[in-house]
Amino acid sequence: MNASISPLLKLFLGEEVGSALYEQIAGTPLIDEIRSGFEVRLLESLHRSGVAHFPEDRLGLYLMIAEKAFDSDRRLAQMGYAFAWKLWLENRREFADGEVAKALLNRISASDLSMTRMVDGTHREFRHDQMRGYLAAMHVI
């Protein structure tokens, strides 16, 4: 995956910004932790949101996205974790907007976070099972 990170960052952010971000993380432990294009997308989202320092591992990457999504609102975070757990137990990625409180929907569907995407105009889904799984695991712990 390491060889794909730089080209993806350049594709997502442009040649100059993508190269600079790659150089920033190239000498850190995080570079060897990236396992998917989705995780490169998370790097892009964090960069666009103004994050200057990135975590050292994948778990920290998911934690930073969750913190951005829930903006230190513990109640909202707990709702998000419980909702992801419910979907996990039901073996579902897709959900309708009406299944979740509007405040939570606004945060997990924020385009700058890359957590969910619109599927068919009426349903959303978690972009990657790892995000759904991370949020569900946070509910359990």
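**Contacts, fold and core**

Modeller: In this predicted model, 57% of the contacts between residues at least 6 apart in sequence join residues at least 24 apart.

Colleague: What makes a pair of residues count as a contact?

Modeller: The pair must have heavy atoms within 4.5 Å. By that criterion M131 touches F38, L42, Y62, I65, M115 and F126, not counting residues up to four places away in sequence.

Colleague: Which pattern does the protein follow along the sequence?

Modeller: The order is α-α-α-α-α-α-β-α-β-β-α, with eight helices and three strands in the protein.

Colleague: Why is the protein called as compact as a globular protein of that length?

Modeller: The globule rule gives 14 Å for 141 residues, and the radius of gyration is 15 Å, close to that value; therefore the description applies. The C-alpha atoms fill a box of roughly 40 × 35 × 25 Å along the principal axes.

Colleague: What share of the residues counts as buried, and by what cut-off?

Modeller: Buried requires under 20% relative accessible area, and 42% of the 141 residues count as such.

Colleague: What makes a set of residues a nonpolar core?

Modeller: Its members are buried residues of the listed nonpolar types, joined through side-chain atoms within 4.5 Å. The largest such core has 43 residues, of which L9, F70, M131 and L135 touch the most other members. Among the elements that give two or more residues to this core are α1 (2-13), α5 (58-70) and α8 (129-140). The largest share, seven residues, comes from α5.

Note on methods: Residues are numbered from 1 along each chain as its sequence is written. This is a predicted model: local features need pLDDT of at least 70, side-chain atom pairs count only at pLDDT 80 or more; totals for chains, interfaces and linings use all residues. Side-chain values use heavy atoms; hydrogens and water are left out. Buried means under 20% relative accessible area, exposed over 50%, partly exposed in between (1.4 Å probe, protein chains only). Helices (H or I, at least four residues) and strands (E, at least two) are DSSP runs, numbered from the N terminus. The radius of gyration is taken over C-alpha atoms; the globule rule is 2.2 Å times the number of residues to the power 0.38.
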